[in-house]
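This note is written for a colleague who is opening the structure for the first time. Please keep the sequence and the 3D view at hand while reading the points below.

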Amino acid sequence: MKDSEHEKYMKMCFDLALKGAGYVSPNPMVGAVLVKNGKIVGKGYHRYFGGAHAEVNAINSAGTQANGADLYVNLEPCSHYGKTPPCVDLIIKKKIKRVIIATRDPNPLVNGTGIRKLKEAKIEVIENVLKSEAIELNEAFFKFIQKRLPFVALKIAQTIDAKIADSKSRARWITSSISRKRVHILRSQYDAVMIGANTVLIDNPQLTVRLVNGKNPIRVILDGRFQLSPSYNIFIDAKKVPTFLFVDQLEYSSKKQKVKLFQSKDVKVIPVRGKNKKIPLKKILKKLYAYNISSVLVEGGQTLFTEFLKKKLADRAYIFIAPKILGNGLSSVSNNLLRSINNPLELSNLKIEQISNDILIQGKIKY
């Protein structure tokens, strides 16, 4: 079969995999396609965490046609018992003729063992079909496994002159309603969404998915000084939407009644040892990793954006730019970043898209 044919079916796997976005984490997004005699006989994807894997769903959809077929899958089939049995065993049992894989699974429990087991069963294996695209598709999963930290993306909505609010801290609405809908899609695809206390004080946001159908992310608020009250929108519905409040360890210890008040609203108050009531972001990310949170969308504000960039902890940026100029106002990134023209931060793997009258620029952050 020609490489172009392999790539065609692998791209179908990518499209199928994306249907699980927001529902399979911390597992990867995986799609599978079964092809026999040049025809697709089965398709499937990983639908939700704990559910059947993509290969199983594809094989089940193919029925008896699976025998002797080629299986395309964007990630190496698992070879160990987790929440479901090993996919490799089913592939062998159903007499799949050949398995075409985009990339190996970085999980030490799988990495290469699934492929070895298939080869031992005399099943031909073809690797690295659209490998880089497959890794980018599951970039959050790869970082979560390899770095033991969540993948971090910054979402910035700004004017042409890089202002995220005017001189009176008013930020609604810089971008169009169509762009805001896209932001809600993004929220539904990330495990958690994060903001600082100042954004709560100024905007009083809900940080839920309302403009599209999708899963609400866990809401994460950083409030080192423990200055917020439970009356803000983001805490009112914490019984329905999981909400984490990170505070400085000393503030947590000295304000026990306030902690209990938040806890009575089902807000999870998490103390972290900081310095001058400022909590190190790396410690927060490690805590989120411990809670099995593999991806975080940071939505504001300037202090948080700047700190993530200074500490080289952000992986991707989504920058929504509205065709507006404010002049005076709050910049998306503060002067504290201190980069020169010879050493700026850059975005790579760029994707540029027009959304209504706005422009969305997204890419990986190069430090």
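The numbered points that follow go through the sheet, some helices, the aromatic rings and a few single residues.

1. Please keep in mind throughout that this is a predicted model. Residue numbers start from 1 along each chain, as its sequence is written.

2. Is Glu136 buried or exposed? Its relative accessibility is 17%, and Glu136 therefore counts as buried, since the cut-off for that word is under 20%. The side chain of Glu136 makes a polar contact of 3.4 Å with the side chain of Asn349.

3. The aromatic rings can be taken next, and a search of the whole structure finds seven aromatic pairs. One of them is formed by Tyr9 and Tyr72, a tilted pair with 5.1 Å centre to centre and 45° between the planes. This pair links distant parts of the chain, with Tyr9 in helix H1 (residues 3-17) and Tyr72 in strand S3 (residues 70-73), 63 residues apart. Both Tyr9 and Tyr72 are buried.

4. Phe144 and Tyr289 form a tilted aromatic pair, with 4.8 Å centre to centre and 45° between the planes. Why does this pair tie together parts that are 145 residues apart in sequence? It does so because Phe144 lies in helix H6 whereas Tyr289 lies in helix H12 (residues 281-290). Phe144 and Tyr289 are both buried.

5. Ring pairs also link Phe226, Phe235 and Phe262 into a cluster, and Lys258 lies over the face of Phe226, at 4.8 Å from the ring centre. In another case of a charged residue over a ring, Arg180 lies over the face of Trp173, at 4.2 Å from the ring centre.

6. For helix H2 (54-62), the question is which residues are buried and what covers them. The buried residues of H2 are Ala54, Glu55, Val56, Ala58, Ile59 and Ala62, and their cover includes strand S1 (31-36), S2, S3 and helix H3 (87-93). S3 is also the strand that holds Tyr72. Just after H2, Gly63 takes a positive phi of about 65°.

7. The loop between strand S2 (39-45) and H2 contains His46, which is buried, with a relative accessible area of 3%. The side chain of His46 makes a polar contact with the side chain of Asn27 at 3.3 Å, while a polar atom of the His46 side chain lies 3.2 Å from the backbone oxygen of Ala52. When residues up to four places away in sequence are not counted, His46 touches Gly20, Val24, Asn27, Pro28, Val30, Gly51, Ala52, His53 and Ala54. Of these, Ala54 is one of the buried residues of H2.

8. Finally, Lys310 is found in helix H13 (residues 302-310), and with a relative accessibility of 40% this residue counts as partly exposed. Apart from neighbours within four places in sequence, Lys310 is in contact with Asn336 and Leu337. Lys310 and Arg339 are 29 residues apart in sequence, and their C-alpha atoms are 9.5 Å apart in space.

Terms used. This is a predicted model: local features need pLDDT of at least 70, side-chain atom pairs count only at pLDDT 80 or more; totals for chains, interfaces and linings use all residues. Side-chain values use heavy atoms; hydrogens and water are left out. Helices (H or I, at least four residues) and strands (E, at least two) are DSSP runs, numbered from the N terminus. Buried means under 20% relative accessible area, exposed over 50%, partly exposed in between (1.4 Å probe, protein chains only). A polar contact is a pair of N or O atoms within 3.5 Å; within protein, one must be able to donate a hydrogen and the other to accept it, and residues adjacent in sequence count only if both atoms are side-chain atoms. Contact means heavy atoms within 4.5 Å. Rings of Phe, Tyr and Trp (its six-membered ring) pair if their centres lie within 6.5 Å; planes under 30 degrees apart count as stacked, over 60 as edge-to-face and the rest as tilted. A charge sits over a ring if NZ of Lys or CZ of Arg is within 6 Å of the ring centre and within 35 degrees of the ring normal.
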